Amino acid sequence: MSKQLGFLHNSEKCVGCRGCEMACKNEYQSDASVRWRQVYQLREEDFALPTRIFISVGCNHCQNPECLRVCPVGAYSKREDGIVIHNQERCIGCKLCTMACPYNRPQYNTTVKKVEKCNLCYERLDRGEKPACVAACVPEALEVVEINEELDYKTGVLKTLPGMPDPKITNPSIRFIGPKQGVQIRRDV
Amino acid sequence: MKITRRQFIGTAAAVTASAGLFSFNMLGKADKAVADTESKVQIFRNVCPRNCYDTCAQISYVEDGVLKKVEGDPKSTYTNGKLFLKGYNYTRRVYSPDRIKYPMKQVPRGSGNWERISWDEAMNTIAEKILELKKRYGSTLPICMNKYSGNFGITHYGIEGTMSSIGYTTRAVGTPCWPAGIDAQTYDFGTIINNDPEDLANSNYIILWGSNCAWTGIHSLPFIMKARERGAKIVAIDPILTSTASKADLYIQIKPSTDGALALGMAKYILDNDLVDWEYATANSIGFEEWVDYVRKNITLDWAAEKTGVPKDVIIQLAREYATTKPAAIWVGYGMQRHTNGGQNVRIIDALGVMTGNVGKSGGGVNYAHLETWGFNYHAMSMPVPEGSVGVPGPNGTYSDRAVNMNNFAAEVQALTDPPVKMLWIAARNPVSQDPDTNDIIKMFNSMELVVTVDSFFNKTVELSDIVLPATTHFEDWDVMASYWHYWVGINQRAIEPMYEAKSDVEIAMALSKAMNALEPGSCTYPTEGDPEEWVAKEFNDGIHSMLGISSYKDLLDGPRKAKISPVAWADGQFRTPSGKIEIRCERAAQNGLPALPVWVEELKTSAQYPIRFMTPHPQHGIHSQFQNLDWMMAANPEPVVEIHPELAAQYGIGEGDMVRIYNELGEVKIKAHLTRTTSPDVIVSYEAWYKDSPFNVNYTVKAIPADMGKLATGMDGIAFHDNFVAIEKA
């Protein structure tokens with residue numbers, strides 16, 4: 001593998017609007033039962049001040065993808081650029097991958113009774129376009145990056161946030177800029 | 001981007017639609033083998049017509065007559081090629097299996113016993129009823145229209161035109177949304193004008209005062225963030241720690257309805273510390289010295305701190321920063337004016353902007369809204385009444401329509417006796433979901449002889465109607481849209497053929513006219529023929545052309561245009577008040593029974609019996625009762641919650657996920673609890689919406705209490721939606 005593509009999510013900029021999530025659905029006209037990308041609100045008690053803090057997660061295109069490891073029919077593959085692809089034609093809908101992924105990213109489509117997931121819009125990338133989620137992000141909180149040591153040495157780049165699964169399990173290709181909290185004048189203190 | 005003009009498509013969509021075989025499966029990516037042969041993606045320009053700050057410019061992608069996806073139009077520098085989450089859901093609206101497909105009748109009303117009828121039967125039934133009522137009462141006043149913001153496209157004023165074309169009718173007048181703030185700025189400046197929101201990027205200090213733009217106007221955020229990158233400080237003042245407030249450098253949790261007290265406290269500090277821009281204020285306003293005198297004599301920082309719950313040192317910091325970091329912009333959100341003193345609070349904030357010289361400046365302003373780009377012909381609306389029509393008698397033998405207050409609709413309609421209201425015509429509106437006092441609204445509906453609703457979904461209002469007429473979506477229609485916030489205007493093309501038997505409001509008016517004139521020639525003046533594109537063309541005039549720098553509406557097919565007006569409101573110092581100055585002392589306000597000066601007016605307080613304030617602001621996943629019912633939204637946000645502070649929840653033994661009964665003397669609502677410190681212990685919050693297959697409706701406990709202002713500019717006062725006091729218990 002020559003490189004590893006992934007996402008950089010900036011929680012300082014993200015307002016949790018779900019534009020990315022819906023732009024993904026708009027791009028693929030995906031079934032209501034699946035959410036290739038999902039915005040999560042983090043628990044307010046995990047931060048110094050109770051604010052609304054969000055992360056947006058598609059497939060993390062892990063360096064050690066559990067989905068690929070457990071799939072009994074070889075529906076998963078990893079491209080040269082690190083993108084993990086799921087081939088729905090091979091999928092038998094056994095849901096092993098949905099149980100194995102710590103991030104709940106392979107999604108079971110109840111209409112076609114098979115799994116599907118974020119493919120990092122590789123067709124758009126191959127055409128030189130941004131993934132639908134990245135292109136749609138109004139506060140520009142989401143970008144596609146090459147996951148490498150250089151990125152991890154940058155100040156403020158985090159491998160995980162409170163409430164996320166241990167990154168050691170699958171080595172996910174996602175990095176975060178942590179939330180920045182302002183001053184709050186509250187009435188409950 | 002070159003726009004391909006629509007080809008007439010009589011195949012896929014139309015055939016499958018009429019056969020009832022349409023499904024979401026058609027929307028998936030086309031099989032490659034098929035895609036490469038004949039299908040060709042066509043691109044159209046659309047504009048989201050919802051009641052929203054952003055009025056997004058859209059590009060729609062159509063393949064074989066099917067709308068495949070919708071994106072933002074990069075030609076608008078405001079929308080910038082991106083939509084909000086709602087805009088990405090449009091294929092689910094257009095092709096929802098829940099859409100109303102044909103005219104239908106429900107016998108009896110409210111039974112759910114719907115039966116498909118033809119357009120002819122629907123129009124004849126309605127026409128016969130109108131003519132029968134006209135004969136029985138001697139006028140068409142028993143027919144009452146309630147229309148507002150379900151579709152803000154200019155041709156949708158054809159709904160008002162429908163009514164005019166049959167005679168003088170009873171009309172719901174006013175707006176539930178923003179009138180108190182409109183009047184406040186009309187008293188002060190002569191009308192509402194905000195700086196171009198793209199100008200927020202030039203600000204050095206931004207106060208988001210009651211605005212949750214992360215949910216309600218997200219395309220303004222990049223300009224705010226651009227200002228912040230340059231070093232501007234972002235302050236959010238809100239009773240609720242919203243998604244927007246969570247991003248602020250300084251968040252101030254103010255006691256609801258006390259915004260004016262905070263502004264007065266700031267004004268006092270600014271005066272005492274000689275931070276006033278006397279030159280601007282005295283040159284541009286009248287009554288400023290008198291107001292300064294009031295502030296000096298009556299306001300103390302201790303009082304402001306006590307009133308607002310904001311500590312004195314924070315008021316001092318805010319006042320000093322706002323007065324000295326220029327230019328400083330204030331965005332006045334609509335939530336803060338939905339109180340019995342809401343308009344007055346906006347007037348006080350206006351005065352704060354004037355005293356610091358921030359009005360009329362790039363990067364400044366007290367920004368509320370504008371209507372500068374709305375100067376269309378309103379051709380679809382402007383229909384003459386039929387000859388010999390009788391209405392409410394006026395001077396010199398003239399007649400007029402009969403106005404009822406949209407904001408007290410249930411009570412006022414039921415109070416009318418001479419003649420009583422017997423028929424409702426509802427379009428672009430969902431009063432059973434959105435009006436205050438839901439129980440009274442239901443009672444009023446049940447007193448009608450005929451209720452006709454034009455809509456796309458079987459919502460709460462349709463459930464209480466006799467006849468429902470299927471409305472087109474904006475992709476199925478020609479139209480033109482302006483925004484009340486940004487300065488762009490865009491054309492909306494018909495991207496796909498109308499689905500099923502849906503018609504636009506203008507087409508419905510034409511069909512009704514045909515039916516009425518067949519039964520009684522001359523009884524309706526609405527044209528009976530007309531091409532949808534021509535109807536749009538007739539809305540344009542020289543004023544709009546020159547404002548947009550176009551010679552014809554067709555120029556908008558190349559992309560939306562931004563109005564060629566100053567991006568800075570009031571930069572020329574020509575105010576539209578009677579005096580031509582900013583009226584800090586406003587005689588018109590005094591004549592309307594309001595304080596002449598921006599002085600403090602006491603807020604409405606909770607009672608011992610109903611000690612909790614229940615706020616019901618705008619939702620994230622919809623606009624009022626639109627969008628939340630769609631399948632993608634239901635998957636993302638399946639059920640409503642009520643946000644309760646853990647301290648309050650503990651008092652009532654309420655835990656996370658417990659059902660809570662929220663009630664007062666008007667009604668009750670049961671909602672699942674979400675414990676959060678984003679609200680304060682005396683305020684609970686649930687976001688208004690219409691969820692599919694859910695009885696949820698926040699308006700059962702909301703009284704039709706008027707806000708203090710609204711009459712001057714909109715005909716009726718607003719509603720104090722956020723002065724909603726309740727008791728709670730674990731359900």
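**Entry 1: Lys78 of chain A**

I began with Lys78(A) and found it partly exposed, with 17 other C-beta atoms within 10 Å. The cut-off for buried is 20 or more such atoms and for exposed 12 or fewer, so the residue falls in between. I am working from a predicted model throughout. I placed Lys78(A) in strand β4 of chain A, residues 76-78. Next I looked up what Lys78(A) touches, leaving out residues up to four places away in sequence. I found Pro65(A), Leu68(A) and Val84(A). I also checked Leu142(A), 64 residues from Lys78(A) along the chain. Their C-alpha atoms are separated by 22 Å.

**Entry 2: where chain A meets chain B**

I looked at the contact between the chains. It takes 30 residues from chain A and 44 residues from chain B. On the chain A side, I found two elements that give two or more residues: α1 (19-28) and β11 (183-185). Of these, α1(A) gives the most, with eight residues. By class, I read 13 nonpolar, seven polar and 10 charged residues on the chain A side.

I then followed β11(A) across to chain B. Three bridges join β11(A) to strand β10 of chain B, residues 250-252. The two strands run parallel. Ile185(A) stands opposite Ile252(B) in this pairing.

**Entry 3: chain B as a whole**

I turned to overall figures for chain B. Its secondary structure comes to 25 helices and 29 strands. I asked what radius of gyration a compact globule of 731 residues would have. The rule gives a value near 27 Å, and chain B has 26 Å, which agrees. Along the principal axes, the C-alpha atoms of chain B fill a box of roughly 75 × 65 × 60 Å. I noted that 61% of the 731 residues count as buried. I also looked at contacts in chain B between residues at least 6 apart in sequence. Of these, 75% join residues at least 24 apart.

**Entry 4: domains of chain B**

I read the domain assignment next. Domain 1 covers 12-94, and domain 2 is made of 104-176, 380-481 and 497-556. Domain 3 takes 195-367 and 570-591, and domain 4 takes 612-730.

I checked how domains 1 and 2 of chain B meet. Their C-alpha centres lie 28 Å apart. I found 13 residues of domain 1 in contact with 12 residues of domain 2. On the domain 1 side, α1 (12-19), β1 (41-47) and α3 (90-94) of chain B each give two or more residues. The largest share, three residues, comes from α1(B). That side has seven nonpolar, five polar and one charged residues.

**Entry 5: an open sheet in chain B**

I traced an open sheet of eight strands in chain B, in the order β5-β4-β19-β18-β17-β6-β7-β16. The pairing is mixed. I found β5 (114-116) and β16 (402-405) at the edges. Each has a single partner strand, so one side of each is left without a neighbour in the sheet. I noted an average twist of 20° from one strand to the next.

Leu424(B) stands opposite Val451(B) in β18(B).

Last, I checked two helices against the sheet. Helix α4 (119-137) of chain B lies across β6, β17, β18 and β19. This helix runs at about 130° to β19(B). Helix α5 (158-166) of chain B packs on the sheet and touches β6, β7 and β17. I read about 170° between the directions of α5(B) and β6(B).

Technical notes
Residues numbered from 1 in each chain as written. Chains lettered and ligands numbered in written order. Predicted model: local features only at pLDDT ≥ 70, side-chain atom pairs only at ≥ 80, totals over all residues. Domains from an automatic or database assignment. Contact = placed C-beta atoms within 7 Å. Helix = DSSP H or I, 4+ residues; strand = E, 2+ residues; numbered from the N terminus. Nonpolar A, V, L, I, M, F, W, Y, C, P; charged D, E, K, R; others polar. Pairing = 2+ DSSP bridges. Rg over C-alpha atoms; globule rule 2.2 N^0.38 Å. Axes fitted to C-alpha atoms, helices over the stretch in contact; angles between N-to-C directions.
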